[in-house]
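Please read it alongside the sequence and coordinates shown below.

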Amino acid sequence: MGLLLLLHLLAAVAAPLLVRWWGRQAFLALALVPGAAFGWVLTRLGTVTGGGEVTETLSWIPALDLQIALRLDALALTFAALVTGVGAMVLVYCARYFEPDDEGIGRFAGVMTAFAGSMLGLVLADDVLVLYVFWELTTVFSFLLIGGSGAKLAGRRAASQALLLTTAGGLAMLVGLLMVSWSSGSRLLSEIVVDPGSGPVLVAGTMLVLAGAVTKSAMVPFHFWLPAAMEAPTPVSAYLHAAAMVKAGIYLVARLAPGLADVPGWRPVVLGLGVATMLIGGWRSLRQNDLKLLLAFSTVSQLGFLITMVGAGSEELAAAGLAMTIAHALSKSTLFLSVGVIDHATGVRDLRLLSGLGRRMPALAVIATLAAASLVGLPPFLGFVGKEAAFTALWEGGVPDRLTAVVVLVGLVLGSVFTAAYCARYLWGAFARKPELPDTAPEELEHHPGPLFLAAPAVLALAGLVAGPASPLLDHLVVVYAETLPLIAPEAEHLALWHGLQPALALSAVTLLGGAALFALRAGFSRLQHRLAVGASADEGYWNTLQALDRFAVLVTGTTQRGSLPTYLGTILVVVLLVPGSVLLARTPWPDEWRAWDTPLQALVGAVVLVAAVLTIRIRQRLSAVLAVGVTGYGLALLFVLHGAPDLALTQFLVETLSLVVFVLVLRKLPKDIGDRHRPAERTVRAVIAVCVGLVMAGVGAAALSARTTPPVSEEIPRLALEEGHGQNVVNVILVDIRAWDTLGELSVLVVAATGVASLVFLRSRTGAVDRVGEDQAAGGGGDARRAPRRQWLSASDTLAPQRRSVVLEVATRFLFHTIVVLSLFLLFSGHNDPGGGFAGGLVAALALVLRYLAGGRYELGEAAPVPPGLLLGGGLLLAGGTGAAALVLGGQVLESAYLEADLPVLGHASLPTALFFDIGVYLIVVGLVLDILRSLGAELDRQDDEDDPADAAPDEVIAR
Amino acid sequence: MTPTIVLPVVIGGLYAAGVYLLLDRSLTRVILGFLLLGNATNLLLLSSSGPAALAPVFGYAEEEQMSDPLPQALVLTAIVITFGVTAFLLAMVQRSWQLVRQEVIEVDEEDRRVATREGMDADDMDPDDLPTEDRPAGKGNTLPSDVDVEERLAQRYAGVPSDDIGLPPTRGGQS
């Protein structure tokens with residue numbers, strides 16, 4: 001069974017390709033897939049009628065105890081045969097329905113095949129979660145098929161309406177299924193129906209499950225999505241919205257009825273909605289003039305009929321319901337396919353415009369008549385057998401309560417009268433010659449239906465005809481399922497054409513005569529319907545609900561989103577104060593004793609930091625404020641040193657320096673002072689919030705130490721670093737080995753940040769390296785006559801204007817650059833055992849680049865680092881990630897490190913942890929980040945200035961990245 | 001473990017200054033506030049590791065004498081990431097200046113519009129107001145088609161009620 005589902009999946013994936021190769025003939029090949037499934041299902045008929053079942057369990061997510069449990073019993077077999085058989089026929093039909101030059105056939109074919117597979121999975125699933133997954137898959141594919149290419153507004157609306165309603169029901173059903181399986185203690189449907197448990201959870205769960213079934217099967221008041229879904233091509237209407245998907249609700253009710261029919265509320269909901277739906281659907285169907293819509297409402301009506309029967313919870317009605325389900329699927333899909341043929345041939349579906357088609361398409365007329373006859377319940381069709389069985393069952397029992405049985409029976413008979421009337425109206429409308437109308441144009445039918453086009457409806461209609469006399473054979477299958485339900489009538493009636501002169505026969509005659517009368521008096525009845533028409537409809541209710549939801553969303557958005565960032569931040573901070581702050585005040589154990597400081601120096605540095613922080617607030621000059629922040633940063637580095645964290649201090653020093661450079665690069669473009677002063681009231685509020693946050697955070701900092709109750713996780717880390725990581729610098733080993741995953745994630749953040757900077761500055765293309773010195777920059781700076789000294793300290797510094805050059809800086813750079821680079825490499829390689837590492841090394845190398853740029857300008861940067869920053873970033877990430885992947889390939893854990901040792905001739909004893917490669921990746925990324933920043937905020941802004949290029953897009957320019 | 005007085009005071013001061021700057025409308029000051037908050041948080045993380053001790057490097061200190069290395073590793077990457085994010089924010093300042101010659105955080109116009117609007121969206125249009133071919137089936141009572149059905153029907157069935165629905169031909173626009 002799993003193989004069959006896999007086959008559908010593969011066919012669906014391959015379908016677009018097949019359509020490209022073979023055109024519409026590909027549908028014939030695709031039809032083989034459900035066809036094969038149909039064949040397989042039939043071969044299991046013997047096993048199942050003998051009372052056996054076929055089960056299969058595939059492992060899915062063992063860790064969550066999830067498995068794909070599939071089970072083929074009598075009920076599943078009935079539906080599986082319908083789904084696959086009708087599916088194969090509809091796909092054959094598609095091969096002629098579409099024109100060779102139609103667009104989107106490939107997509108349609110794929111989705112249609114995928115739908116067939118998920119529908120098969122739905123009826124085979126035994127695990128409720130698997131059932132749910134397939135259930136939603138059918139919803140999604142139905143959405144795709146209704147919406148089509150998405151070009152039509154009506155199609156989109158219909159698709160989203162169907163999706164909203166059925167997924168809402170589906171979600172309710174998921175919760176319901178979980179509640180029911182909790183109540184019964186098993187997730188397998190086969191075990192749930194045996195022992196569903198009891199109690200309020202079961203009742204609530206059952207109602208939620210019914211909500212799913214009711215929306216999926218288009219019961220009142222959710223019926224309106226089904227007629228709207230008629231936007232879809234006719235094969236979709238015939239398959240999804242007549243034979244397969246809308247039957248999913250029927251299937252679910254039939255599947256659960258043996259266990260849940262006696263749950264309080266089940267029968268009122270199922271029987272009430274079922275009968276109401278049958279009547280409303282039939283009534284509305286008689287008002288339709290579009291043949292497809294007539295059939296859509298007829299489907300709604302029949303679904304109500306079916307759910308009433310299978311949900312009643314008695315053996316006799318369930319058997320009738322199953323027979324009727326088969327009859328309905330066969331005849332309704334035939335009728336839809338016939339409309340498709342008419343539509344195809346004439347381009348018209350309005351029964352007020354069609355005339356005389358019966359003579360011009362006699363074969364089609366015969367086929368449609370056969371199907372309609374089965375739907376109406378004329379002997380000897382299967383529909384007659386099913387309807388007869390239903391009437392008999394209700395006459396003698398059917399439901400526990402006699403009064404209910406009578407009401408339901410009356411409702412069903414009345415509904416069947418409508419059925420007969422609209423079927424007659426359908427046949428008359430589609431095929432009759434209407435005296436007042438000319439024959440439907442065009443004279444020569446545009447597409448005369450060929451044999452293959454008619455094959456599918458013909459086969460389905462004949463199946464309905466043959467199944468009637470053969471119903472005693474069908475009884476063998478149906479009864480296996482029906483016997484799982486209690487018998488309420490005095491004796492079980494078997495499916496057969498002739499039961500003798502019984503009350504049910506008289507009821508059948510009543511329905512036929514009533515239908516004929518309604519049809520004969522159609523003009524008067526139509527006027528009556530018009531008079532009784534009510535203004536409100538479920539459809540309008542749906543739109544009003546959506547509209548109210550939209551309005552509510554606007555209201556909420558308008559109230560909460562005021563568009564001011566300070567307001568949002570202030571709100572967040574106030575919440576921080578109220579919630580964690582109040583916990584801090586109320587619940588925190590305060591430390592009993594305090595120390596003034598670790599060392600007196602700490603207090604001194606702390607005072608400097610605080611003064612700098614206050615200055616930052618006061619200063620309105622941009623650069624000075626940045627310098628004040630820099631003082632807090634450097635002070636922090638000192639505090640790190642005093643705390644015993646040399647790596648941190650090193651990194652902080654380097655980053656602080658680099659930050660200053662980047663700030664200067666950007667702020668040189670901005671005015672000197674920060675304008676836009678705030679009102680005093682605003683400043684007061686800000687100050688209050690700021691002081692409170694400061695107090696809370698200081699409290700948190702003080703309380704954190706004394707709140708510790710368990711030993712820190714890091715107690716073992718130094719030992720692990722030495723023994724497992726073979727490194728003496730514990731912090732570095734944590735970064736590149738013990739918590740290397742973490743570092744890998746942080747490296748990705750750096751790459752993203754670098755890309756973001758470049759994207760904001762480079763408008764057109766952000767790849768490539770920095771410009772290097774070329775022919776045209778030989779004497780830059782505007783052609784000044786006085787040339788720079790011939791001896792060059794730096795290779796590109798003469799591209800700068802002389803007034804921007806500094807010989808001292810050039811000389812210093814010349815001497816220092818290589819030394820700094822060597823130092824950075826030293827830090828990188830010694831980092832495993834001494835302070836340093838990839839981060840620090842990379843930052844030092846980056847500072848060397850900064851020096852070259854500051855001394856020699858943007859071309860000097862290109863000479864210093866003639867590589868695209870993207871290459872460094874990508875290469876670094878690849879190296880770091882590759883180290884992890886390599887460990888995996890060699891059989892270890894991801895990012896597990898190894899250690900190589902050797903005695904080398906010159907270097908002596910050398911050791912090489914693989915974590916070093918990871919650290920090199922870190923180094924490259926840090927260098928790449930800084931190079932990217934220098935290239936963007938430095939060189940590119942210089943270029944824009946030099947070339948007077950504002951780098952803004954022209955109004956009509958489209959920038960493609 | 002006993003906390004020091006100095007570190008919480010420094011942490012609180014940095015947080016207060018950072019928050020004050022963060023609530024400013026000038027993007028430059030927001031970035032400065034962001035940096036102060038970053039510094040404060042780094043110090044908070046480090047101070048939570050306990051009292052000062054020797055550097056966690058073997059050969060320099062014994063295991064018992066070392067300061068807690070884990071917060072140090074966390075803070076180290078945080079420093080570098082703060083740098084990357086700062087550079088990104090600065091690029092935003094630069095771009096904002098380049099485009100509109102100011103670096104002030106404006107009130108979001110889109111939010112303002114939502115806050116003031118009456119609430120009519122393209123999608124909650126009443127289906128009755130749509131042209132017939134866009135009306136969802138099951139809704140309208142008319143039937144558009146490539147052949148001009150409505151006019152022909154109006155002539156032929158004057159006075160006869162109809163309750164039909166606007167379904168366009170699914171076969172596309174052929175007649």
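pLDDT is the predictor's confidence in each residue, on a scale from 0 to 100. It stays under 50 over residues 119-124 of chain B, a stretch for which the model has eight contacts beyond four places in sequence. The model is a predicted one, and the predictor gives the complex an ipTM of 0.74 and a pTM of 0.71.

**Confidence by chain**

- Chain A has a mean pLDDT of 88, and 95% of its residues reach 70 or more. Over residues 778-788 of chain A, however, the pLDDT is below 50, and this stretch has 13 contacts in the model beyond near neighbours in sequence.
- Chain B has a mean pLDDT of 75, with 66% of its residues at 70 or more.
- Within chain B, H1(B) has the highest confidence, at a mean of 94, and H5(B) the lowest, at 55.
- Residues 138-147 of chain B also stay under 50 in pLDDT, and the model has 40 contacts for them beyond four places in sequence.

**Domains of chain A**

- The domain assignment divides chain A into domain 1 (292-533), domain 2 (539-581), domain 3 (597-674) and domain 4 (728-774 + 792-950).
- Taken over C-alpha atoms, the centres of domain 2 and domain 3 of chain A are separated by 39 Å.

**Contact between the chains**

- In the model, 116 residues of chain B are in contact with 140 residues of chain A.
- The elements of chain B that give two or more residues to this side are helices H1 (6-22), H2 (27-47), H3 (69-100), H4 (109-116) and H5 (149-156).
- H3(B) supplies the largest share of the side of chain B that touches chain A, namely 23 residues.
- By class, that side of chain B comprises 69 nonpolar, 25 polar and 22 charged residues.

**H37(A) against H3(B)**

- Helix H37 (residues 915-946) of chain A packs with H3(B) at an angle of about 15 degrees, their axes being 11 Å apart. The two helices are therefore roughly parallel, since angles under 35 degrees count as such.
- The crossing of H37(A) and H3(B) is left-handed.
- H37(A) contributes A:Val926, A:Leu929, A:Ile933, A:Ser936 and A:Leu937 to the contact, while H3(B) contributes B:Val80, B:Gly84, B:Ala87, B:Leu90, B:Ala91 and B:Gln94.
- This contact of H37(A) with H3(B) has eight nonpolar, three polar and no charged residues.

**H2(B) against H3(B)**

- The axes of H2(B) and H3(B) come within 10 Å and cross at roughly 175 degrees. H2(B) is therefore roughly antiparallel to H3(B), because angles over 145 degrees are classed in this way.
- Residues of H2(B) in the contact include B:Ile31, B:Phe34 and B:Leu35, and those of H3(B) include B:Val75, B:Ile79 and B:Leu90.
- The residues of the contact of H2(B) with H3(B) divide into 14 nonpolar, seven polar and no charged.

**H28(A) against H35(A)**

- Helices H28 (residues 646-667) and H35 (residues 838-864) of chain A have axes that come within 10 Å and cross at roughly 30 degrees. That angle makes H28(A) roughly parallel to H35(A).
- H28(A) passes H35(A) in a left-handed crossing.
- Among the residues that meet here are A:Asp647, A:Leu650 and A:Leu654 in H28(A), and A:Phe839, A:Leu843 and A:Leu847 in H35(A).
- By class, the contact of H28(A) with H35(A) has twelve nonpolar, two polar and one charged residues.

Key: Residues are numbered from 1 along each chain as its sequence is written. Chains are lettered from A and ligands numbered from 1 in the order in which they are written. This is a predicted model: local features need pLDDT of at least 70, side-chain atom pairs count only at pLDDT 80 or more; totals for chains, interfaces and linings use all residues. Two residues are in contact if their C-beta atoms, placed from the backbone, lie within 7 Å. Helices (H or I, at least four residues) and strands (E, at least two) are DSSP runs, numbered from the N terminus. Ala, Val, Leu, Ile, Met, Phe, Trp, Tyr, Cys and Pro count as nonpolar, Asp, Glu, Lys and Arg as charged, and the others, Gly among them, as polar. Axes are lines fitted to C-alpha atoms, for helices over the stretch in contact, and angles run from 0 to 180 degrees between N-to-C directions. Angles under 35 degrees count as roughly parallel, over 145 as roughly antiparallel, 65 to 115 as roughly perpendicular and the rest as oblique. A crossing is left-handed if the near helix is turned anticlockwise from the far one by less than a right angle, and right-handed if clockwise. Domain bounds come from an automatic or database domain assignment.
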